[in-house]
Every structure is written in C-alpha cells, then in structure tokens.
Amino acid sequence: MNLPENTPPAVPFTSQPITPQSTPPIEHLPDGYDSAAPVTGKVRLEAAWGSTEGDEDLTVSDTPAPISDGQIFKQQYKQWNGELNPRWMRNWAILRHHLLGVFKKGHRPWGMPIRLYLLVVFIASLSDVGMTLLSGLIGDSGLHSIWGVSRDNLYGHVLGFFPRNMLYYPVVAALLVGGVISEDRQHGTSALYFSRPITRFDYVGMKFLSVAIIQALIILVTLALYYFAEIATMGRGWAWIIDTFPMFLATVLSALLLIFTYTSIGLSLSSVSKGKFFPGIALLSIVLGTKVLAFIVSNLFDREILYLISPYDCLAHVGQAIIGTQPTYDQYSWTWSLASIVAMNAIALYVLSTRVSSMEVTRE
Amino acid sequence: MATKPDTIYRAFDRKASAIVEFTLRQYRTKTSTWVVLGVGFTALALIFLIYIDVMGSEFESIDNDGDSTDYDNDGYPKGQEIRLGTDPWDSESHPGLFDTPIEPEPASMYINEDDFDWDITSKLGTQTTGIDDDGDCLNSNKTSSQKDTNNNGIPCDIIVEYFKSSDGNVYTFVSADSGVDEDPDEDAYSREAIHLAFVLSIGKLGFVLLLGIFLPLFMATGLIRDEMTSGTMHFMLAKPIARSEVFLYRTLGYLGIVWPYVIVLGILGALISGFVGSGDAFFRFADLGVWMAIIFATMMATLVYGMLFNALGVLWKYGIILAIPFAAWELGMALLSMGAPDAFLLRFSVIGWALMIVDSAAMLVWPNIDLFILMGNWGGGGDGGWSFDSSLEGSAPLDFFSSKPGLGLSPFLGAIIATLVLLFQAIIFWFIGGALFKGKEIQ
Amino acid sequence: MIPDFDQQGRAQTKEWVPEVTAPAILLENVSKSYGRIFALSNITLALNGGVTGVLGMNGAGKSTLFNLLMGKLKPSQGSIKLFGTDPWKNPAPYARVGFVPEHENMYDWMTGHGFVSTFARLNGLTRDEASIEANRVLEFVGLTDVAHKKIGQYSKGMRQRAKIAHALVNDPDLIILDEPLQGCDPLARTTIMNVIRELGRMGRTVLVSSHILQEIERITEQIVILHQGRLLALGNLHSIRERLDKIPHRISIQSDNPKQLAKDVIDIDEVFGISFPDGKNLSIQTHNLGAIHSQLPRIIVDNNHKVSTIDNPDDDLASILGYLTSGGGI
C-alpha cells in the first residue's frame, strides 16, 4: 500500500508472493496478475521485501536476476589536459589555510582558547618592550640597565626559563601541534589533501611551516620590536647597531633553532597519535620533564650529562654560546648540545616522515 | 530488579567494580598508556642508574685541617708533630730527635682522623658536644686557653647554638675548639648525605611532582571528556547510575592503574636505595618509612590531580589548556616548598601538602637531619680560621631538598593534617566534577 | 555550564518506586532551545505500550527528543517524566529503560559479550547474573556465534544488534532506539525489525526513530511525526493520512487496460476524479482511502482486470510532511 513514488514497474517474477515453502522457479512465472490475485498493495510490499512477517525467506538467495540485456562499457582513461597550477601555489593554499585561521574565520579553526593563549603570550612577551619604552620615556637609567637590550636580556627574551621558556613558548608549541596532524588522522580529513595533486612532503612541509611561522610571529616579532624599541627610545646610532646587531642575529638564530626543534618534536608526536591532547602534553612533558630530571641529577650528583637529553637545556646551552652570555653549563662543550639538538631533530623528522608517508588516507 | 534496595557494599560491588574494571581494560588497550608508563619508568630508571654509579664510586677524602702534610720536610706529618709537641714548621724539630726516637707515622693516619661525634639533638639554645678522637686538642701540650678557643670553659668541645633572631627565623652558630672534629670522613659523610638527598629529591621531584602531575595529565584528563566526544558516554549514561558516580568510578579505575604503578616503582626505588645506599647494614630498613611516605604522597597527589584534571576535562573541551598552567603553577610551588616550606602560598597548592607528608616522614625517620646538614656545612671548622671552604660534598643538596614540614607542627601531626587536607581537596574536586558533569548536556 | 544542584541522582540509597499509573513517557509542553534556535518546541506527548515510530527529516528534533528522554539534555521548558520521574534529575527510571544511541562509535576493543555484560552490571547485576543475561539477549538478537569476537570486527548490522542487546539486557519496559536501521544492509534491517516487532509483541513500549517512512511502517503503524521541532502528527499512520480530508488521496493503479478499469471504478461513490498519467496507469482521486481499498479488489476481480501494482504514492513521509505543513496541520 505504501511504497515510494518512483518505483520502477515490477518485473513479472517479483509480483508473485514468495513463500518459504516454495520458491517459484523462473519458468512458472505468470505473465501478470490473474483475477484471483489479492489486490491490497501488500503484494508489492511482499514482493519488494520478501514476506510480510519475519522475512525469514530472505535466505532464498537463488532469486533470478532481472532479465535484461546487459552492457559493459569499455573503460578508457583519458589524460587530463588541463593546466595544473604551479606547486608553490598549491602549497601556499595549505599554508594560508593554517596561518589565516589564527586571525579570522573561514580558515583552519584553531579554537578560541588556543588563539586567546597566543594573544596572551604575545602580549606577555612584549613585557621587555614595554619596560624599555617606559625607561626611555621617564629617562630612568636604572630601569634601563635592567630592561634594556643586552646580551643577557636578548638571551632571556627567547630562552629565559621562567616564565618564557616554561610557561609561554613550549605551551604555545604544544597547543599548536596538538591537532595539526592527529586530527587529520582521527577524522580522515587527510583524504581532502591527498585526493588532490599534493605530495605528502608538501602536506607535512606546509603544516610544519605554518606551525613554525605562528611561533615565529610571537617570538621573533616581539624580539624585533624589543630591539627597535631600544633604538627608538634611546636614540641609538649606527655605531650601537653595528655593535649589537651580531648578537641580535645570534638571538634570532637561537630562536629559530628553538622553533624548529619544538615544531619537529611536536609534529612527530602529533603524527604518531590520534588524540588532540596527547601530542601537546607529550611535548610539554618532554621539554619540562627532562628539564626537571636533569636538574635533579645536576643538583644532587653534580653531573650535568643528563642535560643532553633535555631539549630546553641543549637549546639554552647553544644559545648561551652563540649569543655570548655567561654559560651555565660547564662540564662539556656547547657543541655536544648542538649535536644533541641535531640528533633530536633528526629522530623527530624521521618519525614524522615515516609516519606521514605511511599514513593511510582513511579515518583511523 | 535494579529497584531492589541495595546495601552500599552490594551497590559498589556491581556498578563500581564494573566501571572500574571497564576503565582498566580500556586503559590496557591504549598505546598511550603504555608509552606514558614506560617513559616514566625509563626516566626514573635513568636517575637510579646515575645514583647507583655515584654510590659505587669513592668520594675523595680530603685532609680538611691540613695536618697530613709534612711542611718542614722532616718526614713527620704536621699532625704527629703537633701531638708530640715539636714544631711542624721547623725541620730541625721533630720526634725523631727525641731521646727515644719515634718513627714517623704515615700521612694517611692524619686524613679523616677526627670524625664527627655529635650526640645532641637540634633544639633551641646552646649545647656542647664533640669529642677530640685523635687527641690533637686534649692530649697536646697546648695551654688550657688554647684548648678552649671558644671560651665556654670546657676544653676541647664544640658549641652548637640554635637561636631565634628578631625576625623569627632560627639561625645556627657553631664554634669549635681548635682541633675538635676537625677532619671528618668525607666518604662517610657525603655518601650518607647524598643518599639522603637522593631519597628526598627523587621522592619529592621525581615521584610526587613528575609522576604526580604528568600521570594524571596524560591519563585523567580524558576520562570523561574522551567518552563525551566519541559519543560512547551514551551507553554508560543510559543506565540507572548517577553521573557523579560515573565520575568517581572512572577516577577509581584510573587510580587502579596509577596506584599499583606508583607502588611498584616506589618499592623498586626503596629496594635499590636500601641495598645500594650508604651504611654498614645490609639494608637500610629505616629508610622504608620515608619511601612509604613518598609512595603515599604520590598516591594522594595522583588522586587529587586525577579528580581535578578529570573535572577540568568535563568542564571544557579544552580542559588541557586549563590543566597546563595549573601544572606549571604546581611546579613553581614545588620549587618554592624546597626553599620556603612555610610559605603561605603553598597552602593553595596540592603539591605543597603532598610534599609536607614526605617532609614529615623524613623528620620522623631522620630526626637529626638538620644537625647532620649543619655538620656538613660546618665541615670541620671552616669558620675556625682555616682558609678553605670547609663544607662537605652533599650537604648543600641535602640542605636544598630537605625542609621542615610547614605550619610548625610536629611531624606526625603535620603528616596527618596534610593527608586530611589532600583528601578534602580530592572530595571537593569530586563534588565539583560531579556537579559539572551533572549539569552538562551531552549531545 | 552552571551546575544544576537540584539533581538528586544517587546510588540506590533508597528504593525508587515508579508511579504505578504513570505512562512510560510523558512530555508536557517540552521545549528545547539552543540560543534562539528551537530544536523542539512545545511538545506534549504521552506514550505507553506498543511500538511507536518517531518520524522526521534530519534535524527535525528526533535525537533531541531522545536525548531529553535519556536525561542528557535539560528541557528549556516543560517537564519530562519517565515512569513519573524526571530523568534529568534522577537516573533511577533507567532501570526500566533501554537506549540504543545513534552514535556509531562503540568500544571496538570489547567483545560483544563483554560489552553487554559490563553494561548490564551498571543495572545492578552481579558479574555472574550479567553474564547469563548477556548470553540471553545476545541470543535474542542473534549474535551468539560472534559473542566472543571483538566489536571492532563486527559488521555494521552486528554492531547495531550489539547495541540493541546492550539496551535489552535489563529487560526494560521502555526501549528507545535512535535510528537503529541506519546504514544496515537489508538482511540486518530485517533482523533488527523482527527484534523490534517482537519486543512490541511482548508488550514493551518501544520508540524507534527514522527518517524513512517505509522502515517505520514495516515495524509499526503507530507514529509520531516531528518537523522542525514541532509535533506534527500522532497516531496511526493511515488514520493520519485519512484525516487529511481536505486534500485528496491518490491511488495509482497500473493495469493493462486502464480505461476499462476507470469505467468500473467510477461507480464507487468516493471517487471524485480520474486521470491517466500514461497509457498503462490509472490515477484515482478520493477523500476516503479506506472505502476505495475495501471496494477496489472486488471490482478488479469481478471485472477480470489485470493489475500489476496499486500504489498510494502520497503515503510517504515527504508528501505527508508536505500536506501537514502546507495544509495547516492537525
């Protein structure tokens, strides 16, 4: 009685009610209904579904196929002759998607709390800029000697332990890497990338770059602002700039190293996990946990060797060496720390590349 | 059938054990659980290896008072010459020129020849202690005023004074007569001090702080939240069970995996440090008290943080963002408690109370630990006119890692109060988490 | 976000006595809004006994209704009672309720038996009782052979049946199934439908949601139609259709000789229009579907017509919804 509108006309054999006892052989099929056939509409229902009640007879699987001339189309694949945009343009689209998501809607949704935290860290990172401007305004040389540009302050802007390298930058990195790859794995959205002319290297490279750029926007921009605030408020001349520029560049270099290291470790963690929480917490516990362990050992046994497994301390050691501040690690040369950073990055990038290249384009 | 009144035990036996067991089995299937537990084990194992290495190596024995040196090249070490009354600075004056010549003694006899023997307890006021084991004060031919350089009327003793200054802090003052306890055994002292400092630091930072915060961060934040996001919470909430019960039992399931882990690691730590640690005894049984406190404090910390992080996960999809600054705050509080165990801020942390349990146990088991630190810092009388820093290796870290339980309570009372406060915190977080969960609409 | 401290949910500290006279489901003026969007508005509904299909397009508020019933959402207005108790405040009525959620995610690492028995224990069964009960319901839904396989290895239909088993394990009086047929192959559909029909025959109150009318009408004729959060219709599917007298029903008959058939059919009083959409089809318009259906077979048989199909093309959900919404509803 109730059937969808656009049912195709029933083929003859299905109009016969199929009962469990007798499966009508194909040759016995009537051409249509005879006058005795019940006309209730139920017939159609039974025909379509097999029976009125339990549909037990669906086990009758030898229902004959529709009698109709089949046709097999010859399969022929044609080369697509359209013009593919250059590779950088496609990559730029991925990068842009991630980057602009921080600022506005319609791109990758980073999540309000993450964006809020980025803003808070950005503003908090400007504390030394603010103090420099203030000291310039009120002309307090004591304040300026504490907050003005110096080797120690440049080092501290990027690598100072508390609060920057404990509460700000590792947390920023942890929040950013949280879902970058793991969400694609979890939701199967990597298919959206890999069904397009994008290589896996492009995919992971652009994700890496976008996370790194967001961190750079916070760390390097505030660092540059700090440097320029000093020039502007103290009226520094070329001589000062020539004097201090190498150390500024060294700070930029150590900041880049920090960003690269945190990003590669974080993304490799993101590529091995499905959850959103795990990569973030794991990155944080790697950075802060190894720091605490090394701190215990160095404090207790006077052995600094464990600092070599702590990304934070290796970065700080290299930073101290190239910026030229007083080294706080004196049991081994800074080249060991550099080698350790290179090794950490190599392991992380290896994990990342194998995981991404073997990533299944499916919802895992 | 479920409408039958149940005794509390029977209700617990059914629902609670079902959810706890379910949670445990769920953890078992997650790779991240094993990674986290494995990494925690590896990190602690690394420190224990370094500890074993340090304990196995010899601490250099230093001649703190310089009396093993033969300054005048007459073949007699300075200590022997002083004891026998010849001039250590004059090569023409030595015991070999006596009527019955005395053979020079080996210089090693004058290294670590006068060890600590303080038999006082740390309390306010002035006390006198110390025995001149080698006799370079008592038996020397010094005048009686030379034998009493600290002017307290007792020859060859040490004045130890604890006094309260006007700012309320307790300071110490040590003044020894020249030649008393002046050359302690570094190896014995440092081995003991580093052992104590190791137990305290691994207990406080390694167990209570790192395990106590990171295990809950990894494992408790998603207890409810993960189920809510994946939609599987519907199965559990379709049963006649209150949500705060689900919250509690899930947390119990988490504790079911974290607590045995902490206990096993703690027992391993106790065994290693008990066998490897300093001392003549085969096994340091006394330390077990401290280790039990460490295990207990870590269990309490994982309980409170577990409830808290679970509640944060319920509160917000991004609960981890709230948990991370909190973890950083707790890290800061842990470091603060090392320096200022009485700080008021600590009362607003979890870790402050948990560390108080460890500190209290340390006070009970090692009642003279601050006297021991004082000895090491004094180290044979650096303030008695010797020109080198006399504090012994190990006393500074021990000083840093040990602290008195706050609130000025007796250790026993302090531990009990800290436990009660932690339990109270756990219950509060359970109520908050349960209330949040009850008020949560689940799609 | 603000916790609701009114809730009284507690672990079985005192006996929960269901109101004897209370219907299984009672909704009074229930609305649920998200901000300014009403997911459900002003629903009043009482159900007790039998299988009821909840019909509605996607987003009509079916899942919202079920989540309200299961105490997952708090009604913005109105009151909900399951066996006389507000489910948001007290989970006790779930002792008599089984729920099959819509979500696809399950605990893939559990076996079917483990899944059902673990959750049976949340109903207050001991481990042994739960195991026996789990075996019983797994047999009822036909999963006995795979009961000890991981759910992750189950097919879609088996997963749905495992969910149903989990809902049935406490022998509930009220069973709520949210889209139980979604994504199943015909065989699984048939099995699940049989299970649901069987439950109805056992006198349980069953609530099944779907957006496909054909699915529901194979299970039951008692329906609730939701559209854009409003209750559009309630009752027997065909009576609903017949009560829409203002709009004529169409009956489409495919016959070898539609013209001749039309001549015979025109004698029925209730027929007020006939048309021929094409050479083989006859379309009859009427206000009284039942009368036509009672007379039509006799006419066809008496006049020896060859009829291959008889259709009521307007009885599907879309056209009913179309009538109800444009025609002013009931």
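This is a predicted model: local features need pLDDT of at least 70, side-chain atom pairs count only at pLDDT 80 or more; totals for chains, interfaces and linings use all residues.
Two strands pair if DSSP finds at least two bridges between them.

Chain B holds an open sheet of three strands in the order S1-S2-S3, with antiparallel pairing. Its edges are strand S1 (125–129) and strand S3 (170–176) of chain B; each has a single partner strand, so one side of each is left without a neighbour in the sheet. From one strand to the next, the twist averages 15 degrees. Strand S2 (residues 158–164) of chain B is joined to S3(B) by seven bridges, and the two strands run antiparallel. To see this pairing at the level of residues, find Phe163(B), which stands opposite Tyr171(B) in S3(B).

The domains of chain B come next. Chain B is divided into domain 1 (8–59 + 187–438), domain 2 (78–110) and domain 3 (125–179). Between domain 2 of chain B and domain 3 of chain B, the C-alpha centres lie 27 Å apart. Which residues make up the contact between these two domains? Four residues of domain 2 of chain B are in contact with five residues of domain 3 of chain B. On the side of domain 2 of chain B that touches domain 3 of chain B, the residues divide into one nonpolar, two polar and one charged.

Chain C is divided into domain 1 (25–237) and domain 2 (244–326). The C-alpha centres of these two domains of chain C are 37 Å apart. Chain C also has an open sheet, made of six strands in the order S5-S6-S7-S3-S8-S9, and its pairing is mixed. Strand S5 (97–100) and strand S9 (230–236) of chain C each have a single partner strand and stand at the edges, so one side of each is left without a neighbour in the sheet. The twist in this sheet averages 15 degrees from one strand to the next. Within the sheet, strand S3 (residues 50–55) of chain C and strand S8 (residues 222–227) of chain C run parallel and are joined by three bridges. Here Leu55(C) stands opposite Ile225(C) in S8(C).

Chain A is described here through two pairs of helices. In one pair, helix H7 (residues 161–180) and helix H12 (residues 277–301) of chain A have axes that come within 7 Å and cross at roughly 150 degrees. Angles over 145 degrees count as roughly antiparallel, so H7(A) is roughly antiparallel to H12(A). Their crossing is right-handed. The residues of H7(A) that meet H12(A) include Met166(A), Pro170(A) and Val171(A), while those on the H12(A) side include Leu283(A), Leu284(A) and Val287(A). By class, the residues of this contact of H7(A) with H12(A) divide into twelve nonpolar, two polar and no charged.

In the other pair, the axes of helix H10 (residues 200–234) and helix H11 (residues 238–272) of chain A come within 9 Å and cross at roughly 155 degrees. H10(A) and H11(A) are therefore roughly antiparallel to each other, and the crossing of H10(A) and H11(A) is right-handed. Among the residues of H10(A) that meet H11(A) are Lys207(A), Phe208(A), Leu223(A) and Tyr227(A); among their counterparts in H11(A) are Phe248(A), Val252(A), Ile259(A) and Leu267(A). The contact of H10(A) with H11(A) has 16 nonpolar, three polar and one charged residues.

Technical notes:
Residues are numbered from 1 along each chain as its sequence is written. Chains are lettered from A and ligands numbered from 1 in the order in which they are written. Helices (H or I, at least four residues) and strands (E, at least two) are DSSP runs, numbered from the N terminus. Axes are lines fitted to C-alpha atoms, for helices over the stretch in contact, and angles run from 0 to 180 degrees between N-to-C directions. Domain bounds come from an automatic or database domain assignment. Two residues are in contact if their C-beta atoms, placed from the backbone, lie within 7 Å. Ala, Val, Leu, Ile, Met, Phe, Trp, Tyr, Cys and Pro count as nonpolar, Asp, Glu, Lys and Arg as charged, and the others, Gly among them, as polar. Angles under 35 degrees count as roughly parallel, over 145 as roughly antiparallel, 65 to 115 as roughly perpendicular and the rest as oblique. A crossing is left-handed if the near helix is turned anticlockwise from the far one by less than a right angle, and right-handed if clockwise.
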